[in-house]
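Visitor: I would like to learn how to read side-chain features in a model such as this one. Could we go through them one at a time?

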Amino acid sequence: MENSEGVKIESTVVTEEPLISALDIALFVVIITVAYFWYFKRDKQSSSSEKKPYTIQPSSLSSIEQTSNSSFIKKLKSTGRSLVVFYGSQTGTAEEFAGRIAKEGARYKMKGMVADPEECDMADLVEMKEIQKSLAIFCIATYGEGDPTDNAMDFYEWLQNGDADLEGLNYAVFGLGNKTYEHYNEIAIYIDQRLEELGATRVHEIGLGDDDANIEDDFVSWKEKLWESVCSHYGIEETGEESNIRQYKLVDCSEVLPERIFSGEISRLKSYENQRFPFDVKNPYLSKIAVNREPHKSGDRSCMHIEFDIDGSKMRYDTGDHVAVYPKNSSELVDKIGELLNADLDAVFSLLNTDEESSKKHPFPCPCTYRTALTYYLDITSNPRTHIMKELIEYASDPKDQEKLKLMASSTPEGKKEFHEWILRDNRNIVHILEDLPSVKPDLDHLCELLPRLQCRYYSISSSPKVYPKSIHITAVLVNYTTPTNRVNKGVATNLLAQLIPTNDELPQPTIPIYIRRSQFRLPPKSQTPIIMIGPGTGLAPFRGFIQERDYARKEGREIGEMVLYFGCRKKDEDFIYENELQEYVANGTLTKLHLAFSRDQPEKKYVTHLLEQNADELWNIIGEKSGHLYVCGDARSMAKDVHSIIVKVVMEKGQMTNSQALNYVKKMEQQKRYSADVWS
């Protein structure tokens, strides 16, 4: 016979089928067992979470907090605010600008708040019209190849895919971009136009900041006109001079237990002692330095080939990705600040947001010592912006120092000129300012509030995971230069890396926090597709990975397409990096052609762009006749622009097209990911 589930049951002795079968009993036992373990496991997890030590999350909310705080409209209404400033930020600048705008709102009777779009339900924008004289401002950076920043991605996709009625929403947009990149401020421009399409009212025209020139000047000029437009639109007047209102208040933490004090972790307390996968921007992996060698043969410049050990980390990367390195400031500069301000750098403190409704309770992980903050969390080597000059005025006891700061903080032509010459041209950082204006003695906690966060540095990965699955390679030039004031400025990350030399004995190997950032800089899906790679200097880095990957495919017996590399450096006998490797790839057939330009090995300088112009037929054969891919890596300011112009010219001449047709052809290549750039300025 069969039971109700179709299972055959022997029944030779018992003539009647039992009410509950053996299978039913077995299933019942299994269900009870699973339920038992599920309940007590959950209870155990709940108990263990209650026993965890208290930690401060400076830049992120728990999932529960995010859910409860996702409605920025409720926050605005409950706190009597009418101004919200959203930011899309990858390096912290857009977030800083957003904070400055929100703070200034008080001068115009508009109480403001800063909001991260990633932590907000942006569909609530439709309800902004319910708040009288409300205004939404967007400080939005464009990142990579015309992409939104990570925290603005969901908002960008919502605008693209949604069709919300934003009538009654008043808005303004300031974009942060770089003119050396092709997609200059593309995301900000799109958001500005899309908001208008959805019915919102533009209160002030979009501002476009250029980081290649003076983005601070662009922002200040736009901001001043913004408030003029706001006053006109709402019929309000400025209440008076801006007062230096502190955003954070100092909390003495001298009694805090040592195990609850941050010592350089990015977000989670003790995260470097107890590493947990997955690793990302807020939870980097503490990687050992496996190799650190000099690939230059001679000369006055230094380069580094570094290999990060990721064995056992579960981290995975793809050829063309970037690795982010978290640096720390030199102890010499940190000690100098303590000396100039006569401060105890080992005092434990915390900065607590005076706005109780803000999701960002601290500007960086707190509590910590001043030494930790200045070493790991604060940028003390970049040029301070004008708002810092303004905040320092009250701390100047010498009238001359005070007047100089007032001038540089002003938006007058004379003030802008002075700021440009004294800060930007002479390349002064906060340490230099405190040295050269000796009467300026700011409270150290206030200085910690003012200084921007120290950002991680990104490097193109110069290895393939097919060949090196347990390590990540980078190729970086050591940054050292003399400023007009005869000071030596040093690159924060590269000078730290230069000191991390692995040892051959049993001593602990040097480590540094890293994580992998995904890239769109990818080899074609088919290994047979021909490619051209243009990478002078350390622009060779990702192409080393490309070549390794194709060489791996060739050794597996797969067919690979043509690989043409254009590489250039100063002198063959000095800075021809990876020469032996490249020559070996040429010899075994992986690298079809290697075009070399050594700019200073002959009277007239010779660059890769000259070689490209000479090889127009080869270029067109691959990108035109064979639909191959072209890649550029290196300097965005001149090299990448020159390459683009040459490619357009080649397409015109060899493809027999007009200028507009050639531009469209190259544009289509970019859209199809057949023309890719990994560039920096």
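Visitor: Is C139 buried or exposed?

Guide: Before I answer, note that this is a predicted model, in which local features need pLDDT of at least 70 and side-chain atom pairs count only at pLDDT 80 or more, while totals for chains, interfaces and linings use all residues. Residues are numbered from 1 along each chain as its sequence is written, and side-chain values use heavy atoms, with hydrogens and water left out. Buried means under 20% relative accessible area, exposed over 50%, and partly exposed in between, with a 1.4 Å probe and protein chains only. C139 has a relative accessible area of 0% and is therefore buried.

Visitor: How many disulfides are there?

Guide: A disulfide is a covalent bond between the sulfur atoms of two cysteines. The criterion applied here is a pair of cysteine sulfur atoms within 2.5 Å, and by this rule the count is zero. C448 illustrates the point, because the closest cysteine sulfur to its own, in C368, lies 7.6 Å away, which is too far for a bond. C448 is buried, with a relative accessible area of 1%.

Visitor: How many salt bridges does the model contain?

Guide: A salt bridge requires a side-chain nitrogen of Lys or Arg within 4 Å of a carboxyl oxygen of Asp or Glu, and on that basis the count is 42. One of them joins the side chains of D436 and R487, with an N to O distance of 2.8 Å. This pair links distant parts of the chain, 51 residues apart, since D436 is in helix α13 (residues 430–436) and R487 is in the loop between β16 (480–482) and β17 (488–490); helices (H or I, at least four residues) and strands (E, at least two) are DSSP runs numbered from the N terminus. D436 is partly exposed at 28% relative accessible area, whereas R487, at 16%, counts as buried.

Visitor: What can be said of E556 and R558?

Guide: Their side chains form a salt bridge at 3.3 Å, N to O; E556 is partly exposed at 47% relative accessible area, and R558 is partly exposed at 42%. Elsewhere, salt bridges that share partners join K336, E339, R425, D426, R428, E435, D436 and R487 into one network.

Visitor: Which side chain makes a polar contact with that of H595?

Guide: A polar contact is a pair of N or O atoms within 3.5 Å; within protein, one must be able to donate a hydrogen and the other to accept it, and residues adjacent in sequence count only if both atoms are side-chain atoms. The partner of H595 is E618, at 3.0 Å.
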